[in-house]
Amino acid sequence: MEEKILEVKDLSVSFDGGVQAVSGVSFDLRRGECFALVGESGCGKSTTARAILRLIRAPGRITGGRILFEDEELLGLSEGEMGKVRGRNIGMIFQNPLDSLNPVYTVGSQVSEGLMVDKMEKAQAWKLAADTFRDVKIPDAEERVRSFPHEISGGMRQRVMIGMMLCRHPKLLIADEPTTALDVTIQAGIIELMNDLRHKYDTAVLMITHDFGIVADMADRVGVMYAGQIVELGDVFTIFDHPLHPYTKLLMKALPVITKKEGRLETIPGTVPDLSKPIQGCRFADRCPDACDRCHQVSPAMTQVTPGHLCACHLVKGGEAHV
Amino acid sequence: MSEALLQVEHLKKYFPLGRGLKKNASFVRAVDDVSLTIAPGETLGLVGESGSGKTTLAQMILGLLPPTEGTITLDGMDIHDRSCRKEFHRSIGAVFQDPASSLNPRTTVYRSLERPLALNGYSAADARELIRETAEKVNLGWELLERFPHELSGGQQQRVSIARAIMLKPKLLVLDEPTSALDVSVQAQTLNELLDLQQRFGLAYLFITHNLSVVRYMSDRICVMYGGRIMELGETEEVYHRHVHPYTLSLLSSVPPLHPRQRDRKKYLLTGDMPSLIGELKGCRFASRCPFAREACREAEPPMRDLGKGHLAACAFAGELEFEKG
């Protein structure tokens with residue numbers, strides 16, 4: 001078995017008033033692997049990502065679980081020690097790069113700032129920043145380091161962010177919807193860049209997305225989230241070819257892959273449950289076409305169906321759905 | 001086509017830069033010589049990257065922006081003809097991307113729906129009847145109408161916007177990225193509802209989106225725009241499987257795959273940025289990023305070539321280029 005770099009065990013995050021945004025999420029990442037957390041808005045995927053870096057702000061609070069990065073418990077570190085993990089060991093990029101960049105400094109100085117924190121000389125840091133810009137395929141790298149964030153395009157800004165994170169060679173990069181704000185043509189370039197650099201530097205990637213297309217293009221393994229829980233987890237090919245959880249199946253059929261002459265898209269009736277109230281039984285039961293009495297009473301645990309393929313559903317046992 | 005519901009001919013929108021009255025002011029050519037038609041009950045999908053002029057075109061068709069040049073005719077009515085202005089606007093409805101910002105946050109949904117009816121001379125009782133009828137059409141529960149927009153989910157808000165757009169029984173609906181802000185499962189619901197409405201009431205749609213799978217599901221014909229011009233136009237499956245324009249090829253090969261097996265497909269990735277649309281433009285607008293560009297492409301604007309069955313492409317070498325299939 002390859003070495004585990006990150007282990008998240010039974011992570012729970014709640015916001016004031018008792019909104020259980022994330023409850024009992026467990027997964028792990030191996031060195032150099034890309035793991036995708038996929039789900040719809042409000043399912044807790046971004047909250048999970050932020051919790052790993054302990055970026056949850058009040059009124060939110062991590063209420064339970066463990067986060068082990070290279071066998072070190074991140075939840076036990078002091079704020080100062082955590083600051084050294086962020087950026088150096090675990091990098092993170094967000095959806096809107098303009099929010100992450102400081103408008104009054106040049107992009108080059110922002111990239112080299114992180115390097116100087118690692119005790120690098122200023123001149124050398126600037127040189128490395130320019131090299132990084134070439135690495136992320138920004139044209140005219142020497143010129144661009146002196147640009148301000150508003151002077152470059154959205155795709156370039158996201159490349160700057162990726163470069164800023166990767167130049168310190170973190171072992172894990174968390175990417176929270178990095179291409180959602182970009183055009184599809186720009187998105188394709190960013191995905192290709194992330195795939196190239198990931199292999200070049202052997203960086204593990206935790207990809208947060210709502211887009212199954214990005215999952216298909218990048219991920220080695222996938223966790224499907226619904227209402228604060230992972231409901232299915234497995235190898236990307238397994239999830240696409242043999243999805244087992246009713247939610248995963250329905251979600252895949254809701255993707256517009258057909259023409260209107262070929263039929264209608266599958267829809268999921270109902271809405272996501274209110275997470276501020278305690279929920280009895282399976283969280284998907286109210287919307288599930290196959291739900292039985294047991295589903296409404298007992299919450300299903302994640303159980304292994306085949307090696308590496310886990311599913312939280314009473315109706316799924318040993319690889320076949322019992323309906 | 002004489003039976004066209006909407007006819008747009010040689011439409012241009014040039015935004016002046018700096019002082020508008022200066023003699024040699026320069027212009028941004030946001031939409032440059034676009035002609036298209038939409039038949040009754042048909043969906044025309046309009047795709048392209050940001051800045052390709054999709055929304056500017058839609059705003060001109062809706063009468064929200066005056067065109068610099070060109071004509072727009074809807075059901076025989078000219079957009080400039082003041083005598084039928086009210087009729088023109090009643091025949092066309094619009095749904096925008098962000099449903100929250102197209103509804104007034106300080107009034108109930110019911111009031112938002114009632115207002116356009118009041119302006120069109122409906123009595124309160126008639127308006128109530130019509131709102132009830134329309135809410136039913138889009139599966140919007142009556143109890144939701146007394147709520148404020150923030151008390152509704154994104155999908156419900158978008159259904160209110162659709163209800164408002166179809167209330168006065170328009171013939172054409174302009175849908176500008178109607179599902180981009182919605183989740184996959186809600187998007188599927190909304191798209192299905194739009195198709196049902198179209199089938200029941202014979203509505204024509206101008207469906208603007210950057211999502212190429214959504215546009216394939218919804219459209220009868222697809223129009224691909226780039227830099228303010230139409231690059232390729234034709235029946236949906238024709239554009240998807242037998243496209244001849246290199247830009248359409250790049251756009252389609254940028255779409256993430258449907259299965260991890262397609263990861264290693266042949267990709268035609270675009271590099272660089274969209275060219276500036278300011279000032280005199282020479283040659284094909286896509287030439288600077290086109291992997292197949294030749295000298296001739298930079299010299300002269302390519303004519304719109306007709307490849308039969310209404311399939312048009314603005315490429316000098318349309319039909320001659322060999323695209324490797326992924």
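Reader: Which residues of H4(A) meet H5(A)?
Author: In this predicted model, Gly108(A), Val111(A), Ser112(A), Leu115(A) and Met116(A) are the H4(A) residues in the contact. Their counterparts in H5(A) are Lys122(A), Ala125(A), Trp126(A), Leu128(A), Ala129(A) and Thr132(A).

Reader: How do the residues of that contact divide into nonpolar, polar and charged?
Author: The contact of H4(A) with H5(A) holds 7 nonpolar residues, 3 polar and 1 charged.

Reader: At what angle do the two helices pack?
Author: Helix H4 (residues 107-117) and helix H5 (residues 122-135) of chain A pack at about 120°, and their axes are 8 Å apart. H4(A) and H5(A) are therefore oblique to each other. The crossing of H4(A) past H5(A) is right-handed.

Reader: Turning to the chain pair, how many residues of chain B are in contact with chain A?
Author: On chain B there are 33, in contact with 33 residues of chain A. Helix H6 (184-201), helix H7 (212-218) and helix H9 (246-254) of chain B are the elements that each give two or more residues to that side. H6(B) supplies the largest share, 7 residues.

Reader: And what is the nonpolar, polar and charged make-up of that side of chain B?
Author: The side of chain B that touches chain A has 16 nonpolar, 11 polar and 6 charged residues.

Reader: Now the sheet in chain B: what is the strand order?
Author: The order is S2-S1-S4-S5 in an open sheet of 4 strands, with antiparallel pairing. Strands S2 (27-38) and S5 (77-78) of chain B each have a single partner strand, so one side of each is left without a neighbour in the sheet.

Reader: Over how many bridges do S1 and S2 of chain B pair?
Author: S1(B), residues 6-16, pairs with S2(B) over 8 bridges in the antiparallel sense. Within that pairing, Lys13(B) stands opposite Val31(B) of S2(B).

Reader: What is phi of His10(B), and is that residue buried or exposed?
Author: Phi of His10(B) is near 45°, a positive value in a residue other than glycine. His10(B) is found in strand S1 of chain B. It counts as exposed because it has 12 C-beta neighbours inside 10 Å, and the cut-off for exposed is 12 or fewer.

Reader: Where is Asp71(A), and what is its phi?
Author: Asp71(A) is in the loop between S4 and strand S5 (72-73) of chain A, with phi near 65°. Asp71(A) has 9 C-beta neighbours inside 10 Å and so counts as exposed.

Reader: Last one: which peptide bond is cis?
Author: The bond from Ala58(A) to Pro59(A) is cis, with omega near 10°. Pro59(A) lies in the loop between helix H1 (45-52) and strand S4 (61-69) of chain A. Most peptide bonds are trans.

How values were computed: Residues are numbered from 1 along each chain as its sequence is written. Chains are lettered from A and ligands numbered from 1 in the order in which they are written. This is a predicted model: local features need pLDDT of at least 70, side-chain atom pairs count only at pLDDT 80 or more; totals for chains, interfaces and linings use all residues. Two strands pair if DSSP finds at least two bridges between them. Two residues are in contact if their C-beta atoms, placed from the backbone, lie within 7 Å. Ala, Val, Leu, Ile, Met, Phe, Trp, Tyr, Cys and Pro count as nonpolar, Asp, Glu, Lys and Arg as charged, and the others, Gly among them, as polar. Axes are lines fitted to C-alpha atoms, for helices over the stretch in contact, and angles run from 0 to 180 degrees between N-to-C directions. Angles under 35 degrees count as roughly parallel, over 145 as roughly antiparallel, 65 to 115 as roughly perpendicular and the rest as oblique. A crossing is left-handed if the near helix is turned anticlockwise from the far one by less than a right angle, and right-handed if clockwise. A residue is buried if 20 or more other C-beta atoms lie within 10 Å of its own, exposed if 12 or fewer, and partly exposed in between; C-beta atoms are placed from the backbone.
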